[in-house]
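Biologist: I am new to this structure and would like to learn how its features are read, one at a time. Could we begin with the way strands come together?

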Amino acid sequence: MITKTHVFEDTYFPRRLRHREAEMDFVTNAFEPVVRGQQADDILIHGPQGVGKTIFARYALNHLTQRTAVQHARIGCLGKSTAGIVRAVLEDLPGPDPHSTMPREDLCLELQERVDEPTIVVLDEADDLPFTHALDRLADVDGLSMVVVCHDDDGWLSHVNDSIRHRFVGNIVDLGTYGVDELADILEERRQVGLQPGVIDEDQLRTLADMTAGKARRAIFALRAAAELAHDRRHRQIRSEDIDDSLDRADQRLREEHLASLPFHHHVVYELVRRHGPLAPSELHDIYEKTAESLYRSTEQTPIGERARRNKLSKLEAYDLIEVLGANRHREYRVCDRAVASDLEIAPSAR
DNA sequence: TCTCCACAGGAAACGTAGGAAT
DNA sequence: ATTCCTACGTTTCCTGTGGAGA
């Protein structure tokens, strides 16, 4: 039923970016100075999860590089320190990569030397960027323009200093959720490229678009899931029950991808919450300490302390893998989907 | 109203891995 | 081979918040 799996993956780059024409025109204008050999305006792109911010930024950059040769870098900022971000930019620009222990100051000087023409740096997943010094360091580089991609523009701007905020005033692109018709249109394109003809009709695509509340990524994952379910159930076409069940499978796949991208300690904490939750913080720490020895036996890692575990929990919550119920002393951690399990080997933990 | 307690999260100190310099 | 230096993850210490109970 599915003829091209990659069409439904995050890495797929569609030939046309639909229903973002006004936003793309705005960004094209902001990039216009580069065509004349000048520094482009900085841009802040924001919108909820799964509305296509990353692909929009990629598309905008691609559109520009087709018109004119421009030095550019595109980096994911999630979890990176100031030095890590500056290093990633250097690695993406032409020239030799910096060595892994190059001091932060040297990295910044190297970047200032390397940027000798208008350069655009896309900073994806930049929500935590204001908590590093990377923005100031990048702003110090003449000719370097920043394209920041984040979820919440107000929150982001409230955490940066005045001079950085000033650079983005009037250059904010709001990527909202799609309307049902718009999203159905996007799904139709994926259907044409990735599915056998005739397995899903227009009304069903609209239903999927409606179910996923305008979130393109979720809708595309759901379309794939519906096709997989229909195939598993030996249906010749996608039926309404396949559509009904597609969202759970799509969400499960999204969460599995998030979990797989995290390191070992996160998996341990997640698995404890999954196996024993809902858990109060003190219960979680209790189980962790009682079972740490067996949990870590098969690895070279060593158990971590409470404070570090809290950081792992925050990350798991940000990745929509666990949720926090209640507040203060009534807090409880619970996994969002019990069916999403770590694929790392983590020993069973007796309570 | 006051004190105690549970909890989150910021800041600085610390330990370690790994590359560069000698 | 050894020493030095740096980044990065973790630990330690601390503050702020808010509910429970006297």
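Modeller: Two strands count as paired if DSSP finds at least two bridges between them, and please keep in mind that this model is predicted. As a general idea, strands of a sheet pair through backbone hydrogen bonds, either parallel or antiparallel.

Biologist: Which residues of strand S7 are on its covered face, and which are on its uncovered one?

Modeller: In S7 (residues 332-335), Tyr333 and Val335 make up the covered face, whereas Glu332 and Arg334 make up the uncovered one. The hairpin of S6 and S7 has 6 residues between the strands, and glycine 326 takes a positive phi near 75° there.

Biologist: In what order do the strands of the open sheet follow one another?

Modeller: The open sheet is formed by 5 strands with parallel pairing, in the order S2-S3-S4-S1-S5. Strand S2 (71-76) and strand S5 (172-174) stand at the edges with a single partner strand each, so one side of each is left without a neighbour in the sheet.

Biologist: Which residues of helix H4 are buried, and which are exposed on the other side?

Modeller: Leu107, Cys108 and Leu111 of H4 (residues 104-114) are buried. They cover an arc of only 95° around the axis, which puts them on the same side of H4. These buried residues pack against helix H3 (82-92) and helix H5 (134-139), while Glu105, Leu109 and Glu113 are exposed on the other side of H4.

Conventions: Residues numbered from 1 in each chain as written. Chains lettered and ligands numbered in written order. Predicted model: local features only at pLDDT ≥ 70, side-chain atom pairs only at ≥ 80, totals over all residues. Buried ≥ 20, exposed ≤ 12 C-beta atoms within 10 Å, placed from the backbone. Helix = DSSP H or I, 4+ residues; strand = E, 2+ residues; numbered from the N terminus. Arc of directions from axis to C-beta. Contact = placed C-beta atoms within 7 Å.
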